[in-house]
Amino acid sequence: MQAAFIRRTGPPDVIEIGDLPVPTPAANEVLVRLHAAAVDPVDTYIRQGLVAMDLPFPFVIGRDLAGTVEAVGGAVRGFAAGDRVWCNNQGIDGRQGSFAAFSAVREDLLYALPAAVGFEDIMAVAHAGLTACLGIERLGGLAAGQVVFVNGGAGNVGRALVQVATGLGARVIATAGTDAGRATCRADGAAAALDYRSPALADELRAAAPDGIDVYWDLSGRQDLAFALAHLRRRGRIVVMSGLGAQPVLPVGALYVNDVSIVGFAITYATVDEMRRCADRINALAADGRLRGAIARRLPLSQAREAHRLLEDKSVRLDGKIIVVPD
Ligand SMILES: NC(=O)c1ccc[n+]([C@@H]2O[C@H](COP(=O)([O-])OP(=O)(O)OC[C@H]3O[C@@H](n4cnc5c(N)ncnc54)[C@H](OP(=O)(O)O)[C@@H]3O)[C@@H](O)[C@H]2O)c1
């Protein structure tokens with residue numbers, strides 16, 4: 001079968017396209033035929049060797065996939081041939097990734113795809129939506145009226161977060177770097193959309209949230225914690241899930257005298273139950289149009305190397321996900 005794989009970690013050039021044997025599903029696995037996959041930032045970190053994990057070389061890259069069930073292992077009860085499915089957990093914990101014509105996916109990590117949601121549509125929101133839901137779970141939920149500042153609200157995770165948080169009744173103030181991005185934030189439900197490049201951003205945020213914010217959530221990786229602490233209310237929370245190499249200044253006094261806490265998480269270490277709860281939520285939201293993503297590019301699997309290059313090229317503006325489809 002056609003697959004995109006690496007034999008060592010490194011730059012996008014290490015990605016090879018070639019033939020690998022179709023995997024034989026174990027008793028608890030489902031063999032899924034690929035219809036669409038997405039490129040997530042974490043795929044590029046794993047390819048570079050930045051995530052501490054043993055990779056079974058040749059290692060098929062990729063985390064997400066949507067497709068149809070081809071065959072099931074002997075102990076699988078929840079799926080049958082022909083079912084439409086998706087998953088977001090390949091390529092970690094010694095498992096092979098998703099960028100292949102067929103993948104063997106553990107039944108407990110596979111989700112039914114609602115009839116109303118297309119294969120590419122779910123790939124546009126799966127990783128971002130799961131991330132937003134998991135982060136909100138880690139916060140213990142969001143109460144109606146809480147003020148959430150989303151720095152980078154027009155990106156993939158940012159958009160999912162704006163949609164999910166406003167759906168829970170939170171008042172979201174988002175930032176984006178372009179007029180179009182700010183319009184997207186507002187269309188997704190943000191009460192205010194600010195320009196993160198504005199020299200008056202602090203004043204603009206104060207005007208939009210005169211009593212301060214309850215949650216500071218940065219998707220840009222910059223993690224300006226001093227800025228966050230200047231705006232957080234007492235008992236506010238900072239969510240940290242981007243900025244792998246960031247080393248921001250942390251004004252500890254402003255943190256502890258205001259009972260502020262920092263919640264960090266990585267989707268890679270979410271439990272099977274957490275993932276399923278969030279996947280069920282994503283399915284419900286996507287099925288009735290409350291969770292929508294964008295597709296920036298659609299590339300054939302044979303161009304997986306180019307897909308990684310594109311995602312890493314800071315000079316290329318991507319509004320949405322890169323989707324990979326079988327050749
Ligand atoms: N920990 C986890 O479990 C987890 C899971 C998923 C993703 N992530 C991480 O989350 C981050 C976002 O992922 P993504 O897929 O949403 O990426 P993305 O679509 O590229 O979004 C990045 C966002 O950052 C914004 N941005 C850029 N420069 C900014 C600045 N100076 N100030 C404020 N915002 C700025 C961009 O805004 P404009 O487009 O408007 O310029 C864009 O909306 C990545 O670092 C990714 O690795 C972590």
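Mentor: Let's begin with a definition: angles under 35 degrees count as roughly parallel, over 145 as roughly antiparallel, 65 to 115 as roughly perpendicular, and the rest as oblique. Keep in mind that this is a predicted model.

Trainee: Thanks! How are H2 and H3 oriented to each other?

Mentor: Take the angle to begin with: the axes of H2 (residues 119-138) and H3 (residues 156-167) cross at roughly 55° and come within 8 Å. Angles under 35 degrees would be roughly parallel and 65 to 115 roughly perpendicular, with the rest oblique. The two helices H2 and H3 are therefore oblique.

Trainee: What handedness does the crossing of H2 and H3 have, and how do the contact residues divide by class?

Mentor: The crossing of H2 and H3 is right-handed. On the H2 side the contact uses Val125, Ala128, Gly129, Thr131, Ala132, Cys133 and Ile136, and on the H3 side Asn156, Val157, Arg159, Ala160, Leu161, Val164 and Ala165. By class, the residues of this contact are 10 nonpolar, three polar and one charged.

Trainee: H2 also packs with H8; how are H2 and H8 oriented to each other?

Mentor: H8 covers residues 272-287, and its axis is 9 Å from that of H2, at an angle of about 125°. The crossing is right-handed. Roughly perpendicular covers 65 to 115 degrees and roughly antiparallel needs over 145. H2 and H8 are therefore oblique.

Trainee: How do the residues of the contact of H2 with H8 divide by class?

Mentor: H2 brings Asp121, Ile122, Val125, Ala126, Gly129, Leu130, Cys133, Leu134 and Glu137 to meet H8. H8 answers with Glu274, Met275, Cys278, Ala279, Arg281, Ile282, Leu285 and Ala286. Sorted by class, the contact of H2 with H8 has 12 nonpolar, one polar and four charged residues.

Trainee: How are H1 and H9 oriented to each other?

Mentor: The axes of H1 and H9 (residues 304-312) come within 10 Å and cross at roughly 105°. In this contact, Pro41, Thr44 and Arg47 of H1 meet His308, Leu311 and Glu312 of H9, with two nonpolar, two polar and two charged residues. Since angles of 65 to 115 degrees count as roughly perpendicular, H1 and H9 are therefore roughly perpendicular.

Trainee: Stepping back to the domains, how far apart are the C-alpha centres of domain 1 and domain 2?

Mentor: The chain divides into domain 1, made of 2-116 + 288-325, and domain 2, made of 131-267. Seven residues of domain 1 are in contact with seven of domain 2, and the domain 1 side of that contact has three nonpolar, two polar and two charged residues. The C-alpha centres lie apart by 29 Å.

Trainee: In the open sheet of six strands, which are the edge strands?

Mentor: Its strands pair in parallel, in the order E11-E10-E9-E12-E13-E14. The twist averages 20° from one strand to the next. Pairing on one side only marks the edges, which are E11 (192-195) and E14 (261-264).

Trainee: Which residue of E11 is the bridge partner of isoleucine 173?

Mentor: E10 (residues 171-176) and E11 are parallel and share four bridges. Helix H5 (residues 201-208) lies across E9, E10 and E11, at about 170° to E11. The E11 bridge partner of isoleucine 173 is alanine 192.

Trainee: Which residue in E6 does alanine 66 stand opposite?

Mentor: E5 (residues 65-72) is joined to E3 (residues 29-39) by six bridges in the antiparallel sense, with arginine 33 partnered by threonine 68. E5 also pairs antiparallel with E6 (residues 84-87) over four bridges. In E6, the residue opposite alanine 66 is tryptophan 86.

Trainee: In the open sheet of three strands, what is the bridge partner of isoleucine 6 in E4?

Mentor: The order here is E2-E1-E4, with antiparallel pairing, and E2 (16-19) and E4 (59-60) are at the edges. E1 (residues 2-6) meets E4 over two bridges. The partner of isoleucine 6 in E4 is phenylalanine 59.

Trainee: What is omega for the cis peptide bond between phenylalanine 57 and proline 58?

Mentor: Proline 58 sits in the loop between H1 (41-48) and E4. The cis peptide bond joining phenylalanine 57 to proline 58 has an omega of about -10°.

Conventions
Residues numbered from 1 in each chain as written. Predicted model: local features only at pLDDT ≥ 70, side-chain atom pairs only at ≥ 80, totals over all residues. Axes fitted to C-alpha atoms, helices over the stretch in contact; angles between N-to-C directions. Left-handed = near helix turned anticlockwise from the far one by under 90°. Contact = placed C-beta atoms within 7 Å. Nonpolar A, V, L, I, M, F, W, Y, C, P; charged D, E, K, R; others polar. Domains from an automatic or database assignment. Pairing = 2+ DSSP bridges.
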